[in-house]
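Subject: Structure handover

Hello,

Please find the structure below, with notes on what was found in it after that. Could you read the notes with the structure open beside them?

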Amino acid sequence: MDFVQSSILKDKTSQEKSLSKATRDLVTNGYISLQEKEVFVSGVKIFYGSQTGTAKGFATILAEAVTCLGLPVAIINLKEYDPDDHLVEEVTSKSVCAFLVATYTDGRPTESAEWFCKWLEEASIDFRFGQTYLKGMRYAVFGLGNSAYASHFNKIGKNVDKWLWMLGAHRVMTRGEGDCNVVKSKHGSIEGDFRAWKTKFISRLRALSKGEKKSCGGNCKKGRCKSSQHGSEEMEPGSPAQDGLHQRDTEEEEPFASTSEEESSIEDHQSLSSVVDVEDLGKIMNHVKKEKREKEQQEEKTSLFRNTVKNEASERRAMITPALREALTKQGYQLIGSHSGVKLCRWTKSMLRGRGGCYKHTFYGIESHRCMETTPSLACANKCVFCWRHHTNPVGTEWRWKMDQPEMILKEAIENHQSMIKQFKGVPGVKEERFEEGMTVKHCALSLVGEPIMYPEINRFLKLLHECKISSFLVTNAQFPVEIKNLKPVTQLYVSVDASTKDSLKKIDRPLFKDFWQRFLDSLKALAAKQQRTVYRLTLVKAWNVDELQAYAELVSLGSPDFIEVKGVTYCGESSASSLTMANVPWHEEVVRFVHELVDLIPNYEIACEHEHSNCLLIAHKKFKIDREWWTWINYNRFQELIQEYEDSGGSKTFSAEDYMAKTPHWALFGASERGFDPKDTRYQRKNKSKDISGC
């Protein structure tokens, strides 16, 4: 027995000596507890977008090299990949993603990568995704191109690299650029370029698998390590990291509403030598003074003429300047004429793919995939802190721009909308039936940006919409009471009630009118006189306007709206034009609590519907509750019949909101288990199925 114990102790001593110090520390009571080995790279996913098969071939070669490292590898054709569902999974997967993408004709992506690139580009500039959406994802890019086409050489590779970085993904190595032009190829051929990049990638992958990180280059300044900065690894001059950083930190100039004067010409004496003799200085100054006097006299003689020209030019100038056109186009707008625009809503895309609709689908029965979001006026009289566009649109208190005709605006709006819908043909997940339906516009949300009611021909535009059997949902910021009063019937008229006191309204909406508060109150009074459906839209900004319950209740009695939408503010990202932060965004539970407290103060209203995804609830007047059932939805066919009768009678035959209401489905009601999700929504079905499987 002593011999056995002695042998055990001897073996134990020998074993402990062979272990590292960290492992020996875990030895307790004669037993060894080994730490689980940490996995730094769980595998590699190789995505390719190919037209002729070259990128696909490279993907296969790269996969073979990765396999030699003992790592799992997957080859994915971007044509069959849905980034909307799966790309965010790479944030926590510990995989390394390699993108092999070719640049096709005129700098466009290949057909197989077209949807992926479109999605990635839109996501990179969409504040709802943000700069940390893909934080944690690791990637590398190899582009395939031909330097003979210098203007767009490897454009897609550069863009994919940039867009991933803008969404917060981490570049593990320098982007590779394959060149079919053997004369300029760094390694004699595109195959040689790929082999060189592959060697570096495998080397980097081997290091990452061991948990190694790139060491500091010793170029730290002011105590800030460059190697720790986001996306700084292997940053080359002109890389998207540098360009993207500039893009993130640089705020666009805020446009002004005032009329810009012509700039004065540069005076000739600016070209004089920088060295001037003292004795010549007096002559130069006399010359400058003489020029100034002559200029003042000339201006005095022509002042009346110039003022006339100024006024005429002010009326004729286009609202969309070249700089504004460039800024809005980058944001995805399809601009129309000189002051209008149309944009595809993300809920339109969602419903095309059999997924949920927006809150207007839940509250009022809008078919989101058939809804066109547009505006006949990009200008606005407010500069709200939660503006979705960071105030890139123009501002003004009156219409003083060149005016386009409503027929042209509507025609081009529909054409542009249909063109954007067509881009979804063949996209993974898009339902053929909904795609066909989406080509026919049935609803128009005049809430894109700006103030639609400013457009002088808004009534003609609305009439054209109704003649095309398109319902109208118009939103106004409650600064144009006369225009509200003169507005012809619309399917549903919204007024944004962003605050309930003068001080908070000034703080949140930052209106341009000096008499903004009186205009606000008069707008609500004008709304009360409307016979069609009216809505208050309340946007809750935490710590700014959520404690004004009694004041809100008084405003409700002033405008007597049919419905009150209460929505938590959407954070639009950092902006020098706004101090809004994520701390100002209320949780859904906080919005629900606010609504309950508000309803207690307005006896003729109850909570009707909920759309949890949009952090939004609907309060409805009790007149829409018949036999204990809510009728908040709209009978769109009946509305079109009523508006036609109104037009045929010259406006004498009016109608009310109750004349075209429809029953609200159970799933849309507040308190329903669906929480505002349409049971036909594929995402709801997956979510519900997941709950069933888990037993929750």
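**Two loop lysines**

Lys469 is partly exposed, at 46% relative accessibility (buried means under 20% relative accessible area, exposed over 50%, and partly exposed in between, with a 1.4 Å probe and protein chains only). Lys469 sits in the loop between α16 and β13 (471-476); helices (H or I, at least four residues) and strands (E, at least two) are DSSP runs, numbered from the N terminus. Its phi is positive, about 60 degrees, although Lys469 is not a glycine. Most residues other than glycine have a negative phi. Lys94 also has a positive phi without being a glycine, at about 65 degrees. Lys94 lies in the loop between α4 (83-86) and β5 (95-102), and is partly exposed with a relative accessible area of 40%.

**How to read the model**

This is a predicted model, in which local features need pLDDT of at least 70 and side-chain atom pairs count only at pLDDT 80 or more, while totals for chains, interfaces and linings use all residues. Residues are numbered from 1 along each chain as its sequence is written, and side-chain values use heavy atoms, with hydrogens and water left out.

**Overall**

The protein has 23 helices and 22 strands. Of its 696 residues, 48% count as buried. Contact means heavy atoms within 4.5 Å. Among contacts between residues at least 6 apart in sequence, 75% join residues at least 24 apart.

Gln640, in helix α22 (residues 636-648), is buried with a relative accessible area of 8%. Not counting residues up to four places away in sequence, Gln640 touches His466, Lys469, Ile470 and Ser471, so the partly exposed Lys469 is one of the residues in contact with Gln640.

Leu464 belongs to helix α16 (residues 458-467) and is buried, at 17% relative accessible area. Leaving aside neighbours within four places in sequence, Leu464 is in contact with Pro406, Glu407 and Leu410. Leu410 is 54 residues away from Leu464 along the chain, yet their C-alpha atoms are separated by 7.7 Å.

Helix α19 (residues 516-528) has 13 residues and should span 18 Å at 1.5 Å a residue; its end C-alpha atoms are 19 Å apart, which agrees. The expected span is 1.5 Å times one less than the number of residues. Among the buried residues of α19 are Phe516, Trp517, Phe520 and Leu521. The buried residues of α19 pack against α17 (481-486), β14 (492-496), α18 (502-509), β15 and α20.

Helix α21 (residues 588-599) has twelve residues and reaches 17 Å from its first C-alpha to its last, close to the expected 16 Å. His588, Val591, Val592, Phe594, Val595, Leu598 and Val599 are its buried residues. Seen down the axis of α21, they fall within an arc of 160 degrees, so they line one face of the helix; the arc is that of the directions from the helix axis to the C-beta atoms. The elements they pack against include β15 (533-540) and α20 (549-559).

Regards
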